[in-house]
Amino acid sequence: MSERAGVSPDEVREGVQAELSTLREAVSDGEFRHVMSELPRDFEALVGAPG
């Protein structure tokens with residue numbers, strides 16, 4: 001992903017973390033858990049285990 005976007009892996013990680021954190025604040029806990037269940041488990045580490 002970082003190569004395709006032309007940014008460092010750290011920048012990608014920070015961007016994904018920011019997006020998931022914003023999503024977590026914008027939707028219900030159930031909706032957030034549903035979204036997270038569709039993603040690989042590695043994503044949970046970016047925002048903590050879903051509510």
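Biologist: Among contacts between residues at least 6 apart in sequence, what share join residues at least 24 apart?
Modeller: That share is 35%. Keep in mind that this is a predicted model.

Biologist: Which elements does the chain have, and in what order?
Modeller: From the N terminus they run α-α-α-α. That is four helices and zero strands.

Biologist: What does the C-alpha trace span along its principal axes?
Modeller: About 35 × 20 × 15 Å.

Biologist: And how much of the chain is buried?
Modeller: Buried residues make up 16% of the 51 residues. The accessible surface comes to about 3900 Å². Carbon and sulfur atoms account for 49% of that surface.

Biologist: Let's switch to helix packing. At what angle do H2 and H3 pack?
Modeller: About 145°, with the axes 8 Å apart. H2 covers residues 9–26, and H3 covers residues 29–37.

Biologist: Is the crossing left-handed or right-handed?
Modeller: The crossing of H2 and H3 is right-handed.

Biologist: Which residues make that contact?
Modeller: H2 brings Leu-20, Leu-23 and Arg-24. H3 brings Phe-32, Val-35 and Met-36. By type, the residues of this contact are five nonpolar, no polar and one charged.

Biologist: What about the core? Which residues are in the largest nonpolar one?
Modeller: Seven residues: Val-12, Val-16, Leu-20, Phe-32, Met-36, Leu-46 and Val-47. H2, H3 and helix H4 (44–47) each give two or more residues to this core.

Biologist: Which helix gives the largest share?
Modeller: H2, with three residues. As background, nonpolar side chains tend to be buried together in soluble globular proteins.

Biologist: Zoom in on Leu-20. What is it in contact with, leaving aside neighbours within four places in sequence?
Modeller: Phe-32, Met-36, Leu-39, Phe-43, Leu-46 and Val-47.

Biologist: Now Val-16. Where is it placed?
Modeller: Val-16 sits in helix H2.

Biologist: Why does Val-16 count as buried?
Modeller: Because its relative accessibility is 18%, and the cut-off for buried is under 20%.

Biologist: What does Val-16 touch, not counting residues up to four places away in sequence?
Modeller: Met-1, Phe-43 and Leu-46.

Biologist: Last one. How far apart are Val-16 and Glu-3 in space?
Modeller: 15 Å, C-alpha to C-alpha. In sequence, Val-16 and Glu-3 are 13 residues apart.

Methods. Residues are numbered from 1 along each chain as its sequence is written. This is a predicted model: local features need pLDDT of at least 70, side-chain atom pairs count only at pLDDT 80 or more; totals for chains, interfaces and linings use all residues. Side-chain values use heavy atoms; hydrogens and water are left out. Axes are lines fitted to C-alpha atoms, for helices over the stretch in contact, and angles run from 0 to 180 degrees between N-to-C directions. A crossing is left-handed if the near helix is turned anticlockwise from the far one by less than a right angle, and right-handed if clockwise. Contact means heavy atoms within 4.5 Å. Ala, Val, Leu, Ile, Met, Phe, Trp, Tyr, Cys and Pro count as nonpolar, Asp, Glu, Lys and Arg as charged, and the others, Gly among them, as polar. Buried means under 20% relative accessible area, exposed over 50%, partly exposed in between (1.4 Å probe, protein chains only). A nonpolar core is a set of buried Ala, Val, Leu, Ile, Met, Phe, Trp, Tyr and Cys residues joined through side-chain atoms within 4.5 Å. Accessible areas come from the Shrake-Rupley method with a 1.4 Å probe; for residues, only the protein chains shown count as cover.
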